Amino acid sequence: MATARSKALSERAGDPKDEYYSRIEDIEYELRHYKPHFKDKVVFCNCDDPYESDFFKYFAMNFNALGLKKLIATSYTRSPIVGNQIDLFETAGLRDAPDPKQPYKVEITEVPDLNDDGAIDLLDVEQLLRHDANTMTMLEGTGDFRSSESVELLNESDIVVTNPPFSLLSEFIGQLMEHDKKFVIVASKLSVTYKPIWPFFQSGRMWLGNGFKNGNAYFRVPDAYRDRKFASGVFDPKTGLVKFRNISWFTNLDIAKRHENLTLFKRYTPEQYPTYVNYPAIEVGTVSQIPRDYDGEMGVSSTFLDSHNPDQFEIIGYSGGLAQPMKDIAPDGTYTKGGPRFYLAQSDGTYKRMFDRVIIKQIGGAS
Amino acid sequence: MKIDRHQIPIRDIIENYRDHAEEGVFGYGGQLNIRPPYQREFVYKDKQRDAVIDTIFKGFPLNVFYWVVNEDGTYELLDGQQRTVSLCQYAAGDFSVLLNGNRKGFDNLTTDEREKFLDYELMVYFCQGTDSEKLDWFRIINIAGEKLTDQELLNAVYTGPWLTHAKSIFSKTGGAAYGLGDKYLTGAPIRQHYLETALKWISDGKIEHYMATHQHDQNANKLWTYFRNVLNWVEDCFVGYRTEMKGIAWGPLYDQYGKDPVDTAALETEINDLMADDEVKSKKGIYPYVLTRDEKHLSLRQFDKAARRGAFTRQKARCANGKKCKTPGNTHGQMTFELSKMDADHIVPWSNGGKTTPDNCQMLCIACNRSKGDL
């Protein structure tokens, strides 16, 4: 189903300038499940504009509570919201910067009570940025996550937490994997089965986080984008927020949700669960329909990943990589063509092309 | 029933607060069961959650909380779950709020602010009594606020591992019982309607007794297996699904007919015919009817006023049974009756193909109609 929303997402693919900013509420809602992971760690929020980003804000506010060792954040060239909240020329590190839009980085190793009001909060962080020249420094390059400066910061860090540009997601995740980093990032669920990304899900090197409240991901957009054409229902001019339904968190940090079993209740019958003609697995479709008494391989929609417990199910693969070409099986004209997908035989001699499917198998046999 | 009022500072409530979706949410040094696993989980709106924190900082009173004292001295939170979770989450640093225009998590408070928050006292009523006393009392206090369903009230009394397991299956939207039964059951899992239905079936309507008996079981496998058997039997018996199958009391039917061999094809044909039969007014009743053969399930069409009056006039106000009339003293069949003292009857019964048309209508005296089965 190509919804208006997924269209809105694809519209901005390939437009790296297109920015969507996460809200502190949503960051808190997800990261409360990860708190123990951050103790004594170096957290890197790249692809963010340090003071304007709610990711930076979250970690700066909770620096002591989480027991962070260090917080690093970088901005990048032409970010449309740089300098919105504090005047960069006012900060000690950037006072002599030739160009206010030049990208910079923030590095924080402690947040003391600088304004002496008895509380350690964002006001102290602001104070720190204003007065401590060591915290904020200009970058030489663009701030692009692929630049050598950024890679150097990445090497120094333990966990990356950010909302990376969706159009560069594959590359972004590839880099994290290559450098063997932990991460919690906002990403489109549509990208789960992208060729460069899927293998990480399949091999259990990455999984879905808990997800947005009620599945609704809201983002702030820069004022400049308010005139853009969004699909109906996406942009709310009253709140200035856009809403998407197919966004979640990708992570490789362990969370409780990953250890919850699905209770299965359906019984297998060959009629209800036909076998694909071009791969030896049964068609299940939605997660709730997974039969409790079937030992073999089963095809489910990728929403399964939201409830995957690796102790309960093994992921075998994905239709894009497993389906045998239909031209080897059926005569031309009996099936709808397209990329590799699974097909089911129909009574009239034609074949039904299925949606993308993840192939799974119960671990330790059927219950 | 003993009900005591206590003032408990937040400091004590949040002691050893832990939130594990699978094991439930606890506080008050681990003694207070804030949310048993799979308890109805309203998603509290951020605004409501923030308002709780705001109320505390302003020092305004929060509504009272109700705790149930368990036999082992631990507590079960009966009323005030969302508010309790909100303040525990805030103290745990799970979210931040705007205070005087400044966004602050618990860790960003001044010592004074933090102490003020921790010292704030909640007004908590502890209630202690037998199960039935508690239930009575819950029903009374249930008048205010978010109303609990009957099953929710029972759940508040009969807590334990059995209930926890039962809820994990029956009380989640999109959960197992819902997935298996949403075509056959009405109501919402989250409001405990599925659990209620399953219990009603397995206990023959004596839900409270069943819950009391099984409260301390280690799991609810018996209930789950029974529920599965019922619905699997329904699926097997009735090969074609129709929306009329939703909301039928399948449990009792399974109990009585679940072991009988069924000719599913013949059953399907018969149901199809009955669905098309104008005489059958309760289409839902077709399912119990084809098993029980009791016509009362079908609410068969009744003769209208004109048909009744027509037959009455034809019979000259006499009972259609004539000399066989059962009314004492009417052995000659010549006694006349008032229309309102007579019942309309099918001359050829519906089961033999008779229709509810004027020509198939006869009027019987009440005595005859009542003893029709004897004729």
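Predicted model: local features only at pLDDT ≥ 70, side-chain atom pairs only at ≥ 80, totals over all residues.
**Entry 1: a pair in chain B**

I started with B:R293, which is partly exposed at a relative accessible area of 44%. Residues are numbered from 1 along each chain as its sequence is written, chains are lettered from A and ligands numbered from 1 in the order in which they are written, and side-chain values use heavy atoms, with hydrogens and water left out.

Which side chain does B:R293 meet in a salt bridge? I found B:E270, at 2.6 Å from N to O. (A salt bridge here is a side-chain nitrogen of Lys or Arg within 4 Å of a carboxyl oxygen of Asp or Glu.) The pair links distant parts of the chain, 23 residues apart: B:R293 sits in the loop between α14 (286-292) and α15 (305-314) of chain B, and B:E270 in helix α13 (residues 264-276) of chain B. (Helices, H or I of at least four residues, and strands, E of at least two, are DSSP runs numbered from the N terminus.) B:E270 is partly exposed too, at 22% relative accessibility.

Next I looked at B:K296, which bridges to B:D294 with the closest N and O atoms 3.5 Å apart. B:K296 is exposed at 62%, whereas B:D294 is partly exposed at 30%.

**Entry 2: salt bridges inside chain A**

I searched the whole structure and got 32 salt bridges over all chains. One of them joins the side chains of A:K70 and A:E107, at 3.0 Å from N to O. This pair spans 37 residues, from strand β3 (residues 70-74) to strand β4 (residues 104-108) of chain A. Are these two buried or exposed? Both A:K70 and A:E107 are buried.

**Entry 3: where the chains meet**

I counted 25 residues of chain A in contact with 31 residues of chain B. (Contact means heavy atoms within 4.5 Å.) The area buried between the two chains is about 2,400 Å², with carbon and sulfur atoms giving 45% of that. (Buried area is the accessible area, with a 1.4 Å probe, that two parts lose on being put together, summed over both.) A:M61, A:F265 and A:R267 supply 25% of what chain A buries against chain B, more than any other three residues.

One example is A:K35 with B:D94, at 2.4 Å from N to O. α2(A) gives the most, with three.

**Entry 4: cores and a covered helix**

The largest nonpolar core has 61 residues, and B:F170, B:F227, B:F238 and B:W250 touch the most other members. (Such a core is a set of buried Ala, Val, Leu, Ile, Met, Phe, Trp, Tyr and Cys residues joined through side-chain atoms within 4.5 Å.) Helix α11 (residues 221-237) of chain B gives this core its largest share, nine residues. B:F227 touches B:F170, B:A177, B:L180, B:L185, B:A198 and B:W201, leaving out residues up to four places away in sequence. There is also a second, separate core of 48 residues, and A:Y34, A:Y58, A:F63 and A:F219 are among them.

I then checked helix α6 (residues 150-157) of chain B, where seven of eight residues are buried. What covers them includes β6 (75-79), α5 (131-141), α7 (161-170), α9 (193-202) and α10 (207-214) of chain B.

**Entry 5: chain A and one histidine**

Chain A has nine helices and 18 strands, and 53% of its 367 residues are buried.

Last, I looked up A:H308, in the loop between β14 (298-300) and β15 (313-318) of chain A. A:H308 is buried, at 14%. A polar atom of the A:H308 side chain lies 2.8 Å from the backbone oxygen of A:F313. Beyond four places in sequence, A:H308 is in contact with A:R258, A:F313 and A:I315.

Note on methods: Buried < 20%, exposed > 50% of the residue type's maximum accessible area, 1.4 Å probe, protein only. Polar contact = N/O pair within 3.5 Å; in protein donor to acceptor, adjacent residues only side chain to side chain.
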